[in-house]
Amino acid sequence: MIEVQHLYKSFEEKEVLKDISAIFEKGKTNLIIGRSGSGKTVLIKNLIGLIRPTSGEILYDKRNLIAMAKKELKTLRREMGMLFQGSALFDSMTVLENVMFPLTMFTRNNWKEREKRAKFCLERVNLTDADNLYPGEISGGMMKRVAIARAIAMNPDYLFCDEPNSGLDPKTSLLIDDLIHDITKEYNITTVINTHDMNSVMNIGEKIMFINEGRKAWEGTKDEIMTSTNTELNDFVFASDLFKKVKEVENYNNEEG
Ligand SMILES: Nc1ncnc2c1ncn2[C@@H]1O[C@H](COP(=O)(O)OP(=O)(O)O)[C@@H](O)[C@H]1O
Ligand SMILES: [Mg+2]
């Protein structure tokens, strides 16, 4: 579980995050949703200790990231898996080498052990027979799978995904969402996902926080999102025509029933 308390972040004059408090639960896909520019990426960067908040607390199972010395932060980082916009694979390494990379960096396991673990992770994301290919030789969906395999190689307790579906077609997006969701359950990971994709919200939105212009404007589940009367949230949801229709039907049914 990750707990955020009264988090603020400003860049010079510009206040990007304003008094964000939230809990990201273990074994759940915790979604941060909001428009482009609302502060989702800045929030994730604060969570992983890549940028320092102006004020506020970030607690990793009670351990305060803000108070940590470099060495402690380094240890904590090894408990985190990360999946960033784009897949951020190393182009000059094969698929297998990409997944072995964190193991090479952070463990003293020998080559055979690292290879075994990397192959296991690649199998888990249903990517076999691609070990020796380079990122330039595989599809965007496959690259995303490699990035997920690499993110789970160290068996993380915390998994961060920034727009995991960017650049993917809707069908592949669903598969990637499902994969992240299943892995979260299987290994009981605290997973935090940034997205502005309403399909993802409805597919894997177990716990959703909506941020609008740097403030937490709403939180709830994917079922609650459909019946919410929060106007800021609805403006965001209604931007997608399909969900406008779904919501009209929901509201109609609620009035009827
Ligand atoms: N390093 C930075 N310096 C100044 N402003 C920044 C920096 N990083 C992000 N911002 C600003 O913070 C706001 C939120 O950005 P971001 O978190 O990337 O939005 P989102 O991920 O929701 O699309 C934007 O207005 C962006 O320009
Ligand atoms: Mg972003």
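Predicted model: local features only at pLDDT ≥ 70, side-chain atom pairs only at ≥ 80, totals over all residues.
**View 1. Helix H1 and its covered residues.** Lys40, Val42, Leu43, Ile44, Asn46 and Leu47 are the residues of H1 that are buried. An α-helix makes a turn every 3.6 residues, so residues three or four places apart point the same way. Here most of the helix is covered, with six of its eight residues buried.

**View 2. The shell around ligand 1.** Let's move to the ligand and look at who surrounds it. Phe11, Lys14, Val16, Arg35, Ser36, Gly37, Ser38, Gly39, Lys40, Thr41 and Val42 are the residues around ligand 1. By class, this shell divides into three nonpolar, five polar and three charged residues. Strand E2 (14–24) and helix H1 (40–47) each supply at least two of the shell residues. The largest share, three residues, comes from H1. Lys40 and Val42 of this shell are also among the buried residues of H1.

**View 3. Polar contacts to the oxygen atoms of ligand 1.** Which backbone reaches an oxygen atom of ligand 1 at 2.7 Å? That is Gly37, through a backbone N or O atom. A polar side-chain atom of Lys40 lies 2.9 Å from an oxygen atom of the ligand, and an N or O atom in the side chain of Lys14 is 3.1 Å from an oxygen atom of ligand 1. As for cover, ligand 1 taken alone exposes 560 Å², and the protein buries 59% of that.

View 4. Stepping back, the secondary structure of the protein comes to ten helices and ten strands. The radius of gyration is 19 Å, close to the 18 Å that the globule rule gives for 257 residues, so the protein is as compact as a globular protein of that length. Along the principal axes, the C-alpha atoms fill a box of roughly 60 × 40 × 30 Å.

View 5. How much of the protein counts as buried? The share is 49% of the 257 residues. Of the contacts with a separation of 6 or more, 65% join residues 24 or more positions apart.

Conventions:
Residues numbered from 1 in each chain as written. Chains lettered and ligands numbered in written order. Heavy atoms only, no water. Near = heavy atom within 4 Å. Polar contact = N/O pair within 3.5 Å; in protein donor to acceptor, adjacent residues only side chain to side chain. Areas by Shrake-Rupley, 256 points an atom, 1.4 Å probe, with all protein chains shown as cover. Helix = DSSP H or I, 4+ residues; strand = E, 2+ residues; numbered from the N terminus. Nonpolar A, V, L, I, M, F, W, Y, C, P; charged D, E, K, R; others polar. Rg over C-alpha atoms; globule rule 2.2 N^0.38 Å. Buried < 20%, exposed > 50% of the residue type's maximum accessible area, 1.4 Å probe, protein only. Contact = heavy atoms within 4.5 Å.
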